[in-house]
Amino acid sequence: MGKEVSESCVESLLTEIVSSYGTRFYANKPDLAARRIEAIGYQVGHQLSERYTMERPRFSDHLEAIKFICKDFWSELFKKQIDNLKTNHRGTFVLQDNRFRWLSHMSIDPSPENSGSTQDPSAVAENKAAEAASMHLYFPCGIIRGALSNLGIPCAVSADISNLPACEFLSFSALN
Amino acid sequence: SKGMQFFGGSEISPSPPAPTASGNNAHMMYVFNRNGICLLYREWNRPHRTLSAQQDHKLMFGLLFSLKSLTAKMDPTSSDCKFSLIIVRLGLVGIWELESIARLFELLYASRNGGGDGEVNCKGDSQGNVRHFAFLTWFLAEKGNLGVPQLPGQGCSFHSFRTNTYKLSFMETPSGIKIILVTHPRAGDLREPLKYIYNLYVEYVVKNPLYTPGTPIKCELFNTTLDQYVRGLG
């Protein structure tokens with residue numbers, strides 16, 4: 001469908017977005033940077049869901065829409081489907097990708113920095129690493145939120161990367 | 001024809017070349033960038049250490065720099081070569097005759113401009129002394145431009161040397177990244193494994209959003225895949 005772009009270019013661009021917003025445009029304001037990045041993701045997800053549902057009938061319910069995200073939408077973006085979908089049937093969905101493509105090159109510095117803080121140094125290092133890594137999740141979260149809201153499911157999306165390279169996206173919405 | 005080396009397209013899980021034999025690990029590995037910063041030093045087997053880490057890295061980088069320059073300049077097939085295989089036999093005692101000096105220079109210049117087969121053989125009628133030998137050495141060093149490094153991809157490239165106790169294999173990329181692998185002396189040609197290791201570097205270091213270029217490599221994924229791969233090297 002249409003033209004293609006090198007994957008390395010896309011990944012480099014995403015890395016640079018996080019770096020620019022985090023260290024230049026909104027330096028020392030990580031919340032603002034995160035919101036801007038998520039907003040960009042929202043636009044992208046909105047437009048992509050429009051494009052990928054062009055010749056399809058409307059979805060009958062929220063579950064069908066979520067399944068579309070997990071299968072066709074995810075395949076278009078990441079060449080694979082979501083590996084596991086869980087729901088509590090009350091509006092919360094958990095989309096689990098066992099090897100999230102945009103995080104597959106990411107690894108954290110294993111050695112703790114020597115800081116003079118009273119906190120346990122390995123915990124400080126882990127926190128910093130987790131914070132740095134989580135900045136890279138706002139864009140995909142925004143994409144999912146934009147896509148779902150375009151399909152009639154306004155929601156909030158967050159991500160959990162306690163098991164790299166696996167990633168869990170959590171979508172919270174009001175009951176249908 | 002000698003062109004730039006191109007490193008093949010990489011995927012997330014590049015498949016490694018089949019190991020030549022099982023068992024022995026490599027001893028150690030260095031990665032330097034074009035500025036001489038040691039990005040990575042990994043050690044799997046090194047019983048004796050005489051220098052501090054910093055001195056060791058400097059020594060290794062300096063050694064490679066010299067070897068690369070020297071081997072490129074000594075390339076007998078290069079039309080760019082200044083002094084290839086010059087054999088000058090000088091008598092230690094004697095009076096310089098102007099004629100002899102002129103002839104010696106004539107021969108040296110001929111070889112420098114690519115004349116003949118690059119071999120200058122002065123014997124018999126050339127007489128010299130120690131002072132001339134010193135002059136000749138200076139001449140070769142200065143005029144031969146032994147200090148100027150080759151551009152990556154230019155000229156011939158040294159890729160390994162072997163001693164009775166170890167083999168050192170070397171690879172330099174066009175971006176100036178140098179990978180050095182020290183193994184046991186019976187190791188085969190490690191150029192393909194070095195290219196594979198470079199691909200691991202691209203996938204798990206260069207493409208790691210949390211890595212700052214030019215700083216020491218502390219990427220867990222790179223370390224673990226590297227260790228795994230090196231374990232399988234012959």
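Two strands are taken to pair if DSSP finds at least two bridges between them. In this predicted model, strand β1 (residues 28-32) of chain B meets that criterion with β2(B), the two running antiparallel and joined over 5 bridges. Within this pairing, Tyr30(B) has Tyr41(B) of β2(B) as its bridge partner.

Both strands belong to an open sheet of 5 strands in chain B, ordered β2-β1-β7-β6-β5 with antiparallel pairing. Because β2 (38-43) and β5 (160-162) of chain B each have a single partner strand, they stand at the edges, and one side of each is left without a neighbour in the sheet. From one strand to the next, the twist averages 10°.

| Helix | Strands of chain B | Angle |
|---|---|---|
| α1(B), residues 53-73 | lies across β1, β2, β5, β6 (167-172) and β7 (178-183) | about 70° to β1(B) |
| α5(B), residues 220-231 | touches β1 and β2 | about 45° with β2(B) |

The largest nonpolar core holds 39 residues, of which Ile69(A), Phe73(A), Trp74(A), Phe100(A) and Phe169(A) touch the most other members. Among the elements of chain A that give two or more residues to this core are α1 (7-25), α2 (30-52), α3 (62-78) and β4 (167-173), and α3(A) gives the most, with 8 residues. Leaving aside residues up to four places away in sequence, Phe169(A) touches residues including Trp74(A), Phe93(A), Phe100(A), Pro140(A) and Ile144(A). Apart from this core lies another, of 28 residues, which includes Ile177(B), Val202(B), Tyr204(B) and Val205(B).

Notes. Residues numbered from 1 in each chain as written. Chains lettered and ligands numbered in written order. Predicted model: local features only at pLDDT ≥ 70, side-chain atom pairs only at ≥ 80, totals over all residues. Heavy atoms only, no water. Core = buried A, V, L, I, M, F, W, Y, C linked by side-chain atoms within 4.5 Å. Buried < 20%, exposed > 50% of the residue type's maximum accessible area, 1.4 Å probe, protein only. Helix = DSSP H or I, 4+ residues; strand = E, 2+ residues; numbered from the N terminus. Contact = heavy atoms within 4.5 Å. Axes fitted to C-alpha atoms, helices over the stretch in contact; angles between N-to-C directions.
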